[in-house]
Amino acid sequence: RLVLEIDGVELDNLLELTPQGTNIEASGTLYGRIPVVFRGGEFVIVGGWLESSFEGGYIRYGAGELAPGLMAGGEGVNLLLEALDDFRYSRLRLELNGLDDGETEMSFRIRGANPELYGGAEIELNMSIVGRLEQIMRQSYEAYYEVPEEIADKLARAGARFADE
């Protein structure tokens, strides 16, 4: 069992781990705990959570072109997207739990308001997403830090010349 203590992580830095092109911006500081256990030959998050500091922050999501399944969500999805156009939160909590099939459930509870929606009245958004978190993070990390092939070749040649001298 390994427990990661999170203290003062900026939300915009965590967004760098999401797939490119997600069209989301966010601010705020998070803290929390992420317990990790080794189960069934894999590392699994059990009872992890991240929570915002009392200063809050913002989330801005530009939906762009939506998948047909999401568009079929109707008025509730439209309201969610309108709120996330400029959502200023006072509290944010993310809970993480590994499932037996290797996927991770991520539950979000976010309280705040969009100044342009319902006169800025406070609302609470509750969402759950299930997916292979480790794959998403690994692919995003590799794409973000991947060195272009041409540069890697030049570095390898320079290293070889340096070793010969």
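**A walk through the predicted fold**

Let's start at the surface: Tyr118 is exposed, with a relative accessible area of 61%. Here, exposed means over 50% relative accessible area, buried means under 20%, and partly exposed lies in between (1.4 Å probe, protein chains only). Tyr118 sits in the loop between S8 and strand S9 (123-131), and its phi is near 50°, a positive value in a residue other than glycine.

Before going further, a word on what you are looking at. This is a predicted model, in which local features need pLDDT of at least 70 and side-chain atom pairs count only at pLDDT 80 or more, while totals for chains, interfaces and linings use all residues. Residues are numbered from 1 along each chain as its sequence is written, and side-chain values use heavy atoms, leaving out hydrogens and water.

How confident is the predictor? On pLDDT, its confidence in each residue from 0 to 100, the chain has a mean of 77, and 68% of its residues reach 70 or more. A contact means heavy atoms within 4.5 Å.

Now for the overall layout. The chain has five helices and nine strands, taken as DSSP runs numbered from the N terminus (helices: H or I, at least four residues; strands: E, at least two). Read along the sequence, they follow the pattern β-α-β-β-β-β-β-α-α-β-β-β-α-α. Of the 165 residues, 27% count as buried.

Moving inside, the largest nonpolar core has 21 residues, and those with the most contacts inside it are Ile34, Ile59, Phe87, Tyr89, Leu92 and Ile110. Such a core is a set of buried Ala, Val, Leu, Ile, Met, Phe, Trp, Tyr and Cys residues joined through side-chain atoms within 4.5 Å. Strands S3 (29-39), S7 (87-98) and S8 (104-113) are the elements that give two or more residues to this core, with the largest share, five residues, coming from S7. Leaving aside neighbours within four places in sequence, Phe87 is in contact with residues including Ile59, Ile110, Ile123 and Leu125.

Finally, look at helix H3 (residues 75-83), whose buried residues are Val77, Leu81 and Ala83. Seen down the axis of H3, these buried residues fall within an arc of 160°, so they line one face of the helix. The arc is that of the directions from the helix axis to the C-beta atoms.

Note on methods:
pLDDT is the predictor's confidence in each residue, from 0 to 100.
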